[in-house]
Amino acid sequence: MSSVEGDEQARSTADAVARRSYGRLVAFLAARTRDVASVEDALAEAFASALQDWPRNGCPANPEGWLLTAARRKLIDFARRRRTGEAAGGELQLIAEELEAAAAASTTHELQIPDQRLALMFACAHPAIEAGVRAPLILQVLLGLDAAMIASAFLTSPTAMGQRLVRAKDKIRKAGIPFRIPEPEELPGRLGAVLDAIYAAFSEGWTDSGGTDVARRDLAEEALFLGQLVTQMLPDEPEALGLLALMLYVEARRPARRNARGEYVPMAEQDMSLWNMDMIEAAEGLLLRASPLNSIGRYQIEAALQSAHVARRRSGHANWGAVVQLYDALLALSGSPVVAINRALAVAEVDGAPAALAILEGLAADERLTQYQPYWAARAELLARTNACDGARHAYEVAIGLERDPAVRHFLLQRQAALARI
Amino acid sequence: MQYMLLLYVDQNAYAKLSPEEQKQGYGAYMSFMEALKKADAYQTSGRLQPTTTATTVRVSNGKTQVLNGPYTETKEQLGGYFLINAPDLDAALSWAARCPASQHGTVEVRPIWEMYQQS
């Protein structure tokens with residue numbers, strides 16, 4: 001084999017292993033010492049060694065086992081450098097033996113590294129970790145995304161994001177945050193934080209709906225992967241199923257969200273042939289699996305709303321009464337003014353625009369909403385329906401001023417321009 | 001691992017309790033300590049005199065400054081501590097939740113710096 005071919009093969013094998021097993025390797029290696037940062041460094045060095053060794057000696061039959069052994073050696077080196085004293089020596093020996101056994105098993109069989117990724121996710125989303133850094137932490141630790149990429153997705157500076165990630169890992173280690181799946185009685189609360197972190201990652205990926213920013217689109221895919229992982233490991237948790245269903249419904253419509261000119265297309269006007277029906281069917285199946293488990297929650301309701309919207313487009317018949325009921329339930333759970341806006345839009349379909357406008361008036365006291373584009377767009381839309389053109393024009397004006405996405409801004413401008421013709 | 005549970009409570013509240021209530025409060029701490037001992041988690045503990053008894057010392061430019069009063073004035077004051085053994089943070093947090101001070105004040109949980117940890 002020529003060295004160029006060998007290099008390429010080594011690189012593609014390493015890439016494949018990184019995609020397939022990175023999080024599994026981190027979780028396994030870090031579970032005992034809780035020292036995530038050292039494990040990441042050790043794995044990075046192990047991957048670097050692989051890219052030197054594999055082109056010369058051929059790719060190993062079990063690349064995961066090879067990397068695990070290499071990373072284990074690096075970890076023991078790190079620990080020797082950092083730790084002295086007899087007690088530490090004993091602990092090191094124990095870790096070494098444990099890792100040795102696992103590495104031996106994994107070179108003789110198919111990969112047998114116990115899957116501790118979910119436990120790692122629970123550590124990253126522990127209540128002792130600042131809520132805002134949980135999603136970035138999960139993305140970095142489980143998927144190996146670098147701080148710069150995560151920072152750009154979450155609209156912060158790479159330095160600031162890097163520091164927050166370092167602090168969080170430092171806390172996991174020093175405060176002794178355990179890697180374990182919580183007991184059933186505490187699971188609901190703790191799982192919520194994990195699901196919220198995954199959804200936050202998904203939403204950040206979704207914001208760039210044009211799909212021009214590759215890093216962000218990947219983020220939505222990675223969030224789907226994590227959502228799948230949680231439902232595989234906790235198959236009877238209805239909210240985990242609900243979240244995955246919700247993400248699939250949204251992802252299924254991604255290709256239809258922009259027209260050929262890159263312009264925003266509202267759901268009511270989307271070309272349904274562009275929807276990914278496999279994803280939608282998978283989402284429907286997940287919701288069906290969740291419902292007999294008899295524990296309703298935010299993600300199941302949001303997924304059910306998505307399901308209702310999809311059904312409306314597919315059948316041409318809308319059950320707006322049911323949609324309003326779902327929003328009622330969601331509002332009772334979340335108390336979110338954002339949910340209240342969407343509920344008002346559904347009410348408009350049942351009781352007419354004036355009733356919906358009255359609801360919006362009631363929300364106007366919430367100061368957060370005065371800076372929230374969808375509030376003004378909803379107001380504009382409802383005012384236009386009652387032929388209050390001046391009011392609608394002004395509300396569109398504010399909505400346009402608040403919108404960041406140029407495609408959505410363009411869409412709102414078109415709506416505003418259409419007012420004159422009513 | 002070792003964790004310090006730092007008990008922050010309103011130090012004036014205790015004096016306002018009836019003797020019977022004071023006895024009950026004291027008993028709750030005794031039971032907590034007993035439970036820690038039974039679980040082999042207890043290392044040591046202490047109750048602090050009120051901050052009116054505090055004196056603060058600081059040496060700057062070789063000069064020792066002694067000040068009357070606590071380091072900072074706060075609504076709740078450090079009133080006591082428990083040093084415990086726990087396998088991980090979750091175990092330490094569940095002890096903190098059982099500590100009577102978490103009912104009428106706040107318990108801060110801090111890991112003890114282990115000697116071989118350089119950073």
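This briefing describes the fold of chain B and the domains of chain A. The model is predicted: local features need pLDDT of at least 70, side-chain atom pairs count only at pLDDT 80 or more, and totals for chains, interfaces and linings use all residues. Residues are numbered from 1 along each chain as its sequence is written, while chains are lettered from A and ligands numbered from 1 in the order in which they are written.

**Chain B overall**
- Chain B has three helices and six strands, where helices (H or I, at least four residues) and strands (E, at least two) are DSSP runs numbered from the N terminus.
- Along the sequence these elements follow the pattern β-α-β-β-β-β-α-α-β.
- The C-alpha atoms of chain B fill a box of roughly 50 × 45 × 20 Å along the principal axes.

**The sheet of chain B**
- Four strands of chain B form an open antiparallel sheet in the order β2-β5-β1-β6; strands pair if DSSP finds at least two bridges between them.
- At the edges stand β2 (42-47) and β6 (105-111) of chain B, each pairing on one side only.
- Five bridges join β2(B) to β5 (residues 77-85) of chain B in the antiparallel sense, and Gly46(B) has Tyr81(B) in β5(B) as its bridge partner.

**Domains of chain A**
- Chain A is divided into domain 1 (3-114), domain 2 (116-209), domain 3 (235-318) and domain 4 (330-422), with bounds from an automatic or database domain assignment.
- The centres of domain 3 and domain 4 of chain A, taken over C-alpha atoms, are separated by 23 Å.
- Eight residues of domain 3 of chain A are in contact with eight residues of domain 4 of chain A, contact meaning C-beta atoms, placed from the backbone, within 7 Å.

Key
Contact = placed C-beta atoms within 7 Å.
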